Each structure stands twice: as structure tokens, then as C-alpha cells.
Amino acid sequence: METTEKKIIMYDSPKAATYQTNVEGWVSSDGRFWGKGEHNEHMARYTGSTHRKCECGAIIETRSYLSCESCRKKKQLENYNKLTYKAYDGSPVVTAFDDQYFFNEDDLNAYLLENNLDSISLLFCEENNWFKIEGDYWADIMPENSDGELPDNLQKALDELNKVISELPPCSYTSGKIRTFYSVKK
Ligand SMILES: [Zn+2]
């Protein structure tokens, strides 16, 4: 007979802990034993330390980011500069590094003036359009003999709804993969 009982080990049972005399390996500063080898050394140092060096030499917290803030910014800029460039044409854009959206040139120019900026790195936005409601929306509860056919009046209403959806302006925007640049006009 199968049993699903959870194995019980009593505190004072010999199975709960054993006294070892011949173990060798890394122990982190919190007392945890990791064992031998490079990976265990890494894990012990990772759990046992609070800070480490970024590849540039800066001191950072062990369990925060992989690199320091200035290296992360440098990498971000490198990745940004690899993107395709297109001249600014007034369409919706977002600032490359801090998610500020601008839907026209006036607002963008005003932002630069307010913040005393000569120019700004941007990304063109991509449109998020309202999703249409597909006919299989109710597939999980429809009777098996319906062949996916909706009641006529429901199908008609759905077609009308989808027509309205298809004519709506974009629902929202997110940052895209094409970069652009804008210089302030004074
Ligand atoms: Zn760094």
C-alpha cells in the first residue's frame, strides 16, 4: 500500500544530526557548511559576505545588482547606442533612461527648457492597441456540439464590438526599439 505520510525525524534521533570528524569544505560566515570546490566557495562567499567589488573596482553590496551604478549606466548607454536611429518626427517618444513620455514636440521642448537640457536621448514609442475579443473567448464553457459557433445575436454583438475596438486610437504606448534624439529649440 502506498503511503503519503511525511517522514518524521525526531530532534534527538541519530538521524537528525551526526557528529563529523572528516569533513572538509567552505563554511560561510553564517555557519553554513557548503563543501568543497569552486562553486561551493562562491556560494559560501556569496552568502557569507555583505560587499564585493564591481569589475571596475567599486565596492557594491553582494546581493544587489551585478555591477555598480556607473557600470550599469555605461552598459545601458552602450545598448541604447546600438539601436537603429531615426530622426525625430513628432510622434510619441519616451526618454531613453527614465520613462518620461511625450506625445508632441511642444511638450518635449518645454520639458527640456524646464530642466535646462540642451538635448535628450529618446526612444520612439510602440502603440498598444485594444485587443479584439476572439470568438473562442467562451471556448471552455461552450457545449461540445456547438462546433465553436456562437448564438447569432451574440456573434452579431461581438462583430459590432470588434468593429468599435478596431476604430479606437491606441490604448497606450510603450517604449520601442528605435532611438532618436532631440535638441531644444529656444
Ligand atoms: Zn562598476
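I checked the zinc ion first: its site is tetrahedral, with angles of 104 to 117° among the four donor atoms (four donors count as tetrahedral if all angles lie between 85 and 135 degrees). This is a predicted model, so I keep in mind that local features need pLDDT of at least 70, side-chain atom pairs count only at pLDDT 80 or more, and totals for chains, interfaces and linings use all residues. Residues are numbered from 1 along each chain as its sequence is written, and side-chain values use heavy atoms, with hydrogens and water left out.

Next I looked up the donors (N, O and S atoms within 2.8 Å of the metal, 3.2 Å for Na, K and Ca). I found the SG atoms of Cys 54, Cys 56, Cys 68 and Cys 71, lying 2.3 Å from the zinc ion. Their spacing in sequence reads C-x1-C-x11-C-x2-C. Cys 54 sits in the loop between β3 (51–53) and β4 (59–61) and Cys 71 in helix α2 (residues 69–82), so this pair ties together parts 17 residues apart in sequence. Helices (H or I, at least four residues) and strands (E, at least two) are DSSP runs, numbered from the N terminus.

Buried or exposed, I asked of Cys 54? Cys 54 is buried, at 4% relative accessible area, and Cys 71 counts as buried at 16% (buried means under 20%, exposed over 50%, partly exposed in between, with a 1.4 Å probe and protein chains only).

Note on methods. Tetrahedral: all angles 85-135°; square planar, octahedral: opposite > 155°, others 65-115°.
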